Amino acid sequence: MKKIILLLLSVLLTACTPSSTTNKNFINTKGTTLETRIPTPKGYTREQSDFAHFLQTYPLKENGSPILLYNGKKKWNQSAQIAVFKLPIENENLQQCADSVMRVYAEYYWNTKQYDKIQFHLSDGFLLSYMKWREGYRVIIKNDHASYIKSASYDDSYECFKKYLRIVFAYSGSASMVSESTPIKLNEIRVGDVFLKGGSPGHVVMIVDVCTNREGKKAFLIAQGYMPAQEFHLLKNPSHDDPWYYEDEIKYPFETPDYTFEEGSLRRLCYR
């Protein structure tokens, strides 16, 4: 009888397993990239595009790694993320939320040698082009307006590329990103789109993976940087253990672990 009671207790405890265990159904802890760490829901197929592939195969830090700030310290909230990307971050408090999204796009175009597409608007509307930057043109700010000045020699090194990004991060943000984007509908969503609230402070999260089922319904994963500058990380879905956000469950206000977005915040950036 005692053995039977113990067996029944074991079954009950298994049925009441906490979410950290059920998460095993949604996360492959040995996966080293987005597509190997986070399986798609049953019946769904991942988006196929060059940019989607870039993010789906982007290296992740080891499972369970904390989010680090620009200075190497841990972010105070370590409960919002599922995974941390190995996206470069400099040791300055510059690469925050919008900057992290711009860094993703810039790294993609740099790695695919599409240098002419690396260009971002600064807060005053000035379009800062990496192609001009590597030719030796630098930016001067006068009366809150930017302009070019030829003051350096040609340099196409990665170090020079990082210096270009430093200026972009210093003089642009979520407010300037609004002017570089247009609203879209949820069923149009694709990798690279954002939920965006422009302002000071504002916030932005990026859709880093999208999958679709046979009925055409979509699910997506989101990632963010934040303030102070910190590593780019994949967010949990606060509604359930499954990290995917499903089209049919999205409503506004749209809640993420760290921020809530109002209707109209889903936007497509002009970077693609």
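Tutor: Happy to! A residue is called buried when its relative accessible area is under 20%, exposed when that is over 50%, and partly exposed in between. Keep in mind that this is a predicted model.

Student: OK, so is Lys197 buried, exposed or partly exposed?

Tutor: Lys197 has a relative accessibility of 45%, so it counts as partly exposed. You'll find Lys197 in strand 8.

Student: What does Lys197 touch, if we skip its close neighbours in sequence?

Tutor: Leaving out residues within four places in sequence, Lys197 is in contact with Ser174, Gly202, His203, Tyr259 and Phe261. Take Ser174: it is 23 residues from Lys197 in sequence, while the two C-alpha atoms are 6.8 Å apart in space.

Student: And Ala175, where is that one?

Tutor: Ala175 belongs to helix 8, which covers residues 174-178. Its relative accessibility is 45%, so Ala175 counts as partly exposed.

Student: Which residues does Ala175 touch?

Tutor: Not counting residues up to four places away in sequence, Ala175 touches Gly198 and Gly199.

Student: Which strand is joined to strand 9 by 6 bridges?

Tutor: That is strand 10 (residues 218-224), which runs antiparallel to strand 9. In this pairing, Asp209 has Leu221 in strand 10 as its bridge partner. Strand 9 and strand 10 form a hairpin too, with 5 residues between them, and Gly216 in the turn has a positive phi of about 85°.

Student: And what about strand 1?

Tutor: Strand 1 (residues 45-46) is joined to strand 9 by 2 bridges, again running antiparallel. There, Arg46 stands opposite Cys211 of strand 9.

Student: Why is strand 9 described as largely enclosed?

Tutor: Because 9 of the 10 residues in strand 9 (residues 203-212) are buried, the rest of the structure largely encloses it.

Student: Switching to helices! At what angle do helix 5 and helix 7 pack?

Tutor: Helix 5 (residues 97-111) and helix 7 (residues 158-171) pack at about 150°, and their axes are 11 Å apart. Angles over 145 degrees count as roughly antiparallel, so helix 5 is roughly antiparallel to helix 7. Their crossing is right-handed.

Student: Which residues meet there?

Tutor: From helix 5 come Asp99, Met102, Arg103, Ala106, Glu107 and Trp110, and from helix 7 come Tyr158, Phe161, Lys162, Leu165, Val168 and Phe169. By class, this contact has 8 nonpolar, no polar and 4 charged residues.

Student: Last one: what does the whole chain look like?

Tutor: The protein chain comes to 8 helices and 15 strands. Its C-alpha atoms fill a box of roughly 85 × 40 × 35 Å along the principal axes. Of its 272 residues, 47% count as buried.

Key: Residues are numbered from 1 along each chain as its sequence is written. This is a predicted model: local features need pLDDT of at least 70, side-chain atom pairs count only at pLDDT 80 or more; totals for chains, interfaces and linings use all residues. Side-chain values use heavy atoms; hydrogens and water are left out. Axes are lines fitted to C-alpha atoms, for helices over the stretch in contact, and angles run from 0 to 180 degrees between N-to-C directions. Helices (H or I, at least four residues) and strands (E, at least two) are DSSP runs, numbered from the N terminus. Angles under 35 degrees count as roughly parallel, over 145 as roughly antiparallel, 65 to 115 as roughly perpendicular and the rest as oblique. A crossing is left-handed if the near helix is turned anticlockwise from the far one by less than a right angle, and right-handed if clockwise. Contact means heavy atoms within 4.5 Å. Ala, Val, Leu, Ile, Met, Phe, Trp, Tyr, Cys and Pro count as nonpolar, Asp, Glu, Lys and Arg as charged, and the others, Gly among them, as polar. Buried means under 20% relative accessible area, exposed over 50%, partly exposed in between (1.4 Å probe, protein chains only). Two strands pair if DSSP finds at least two bridges between them.
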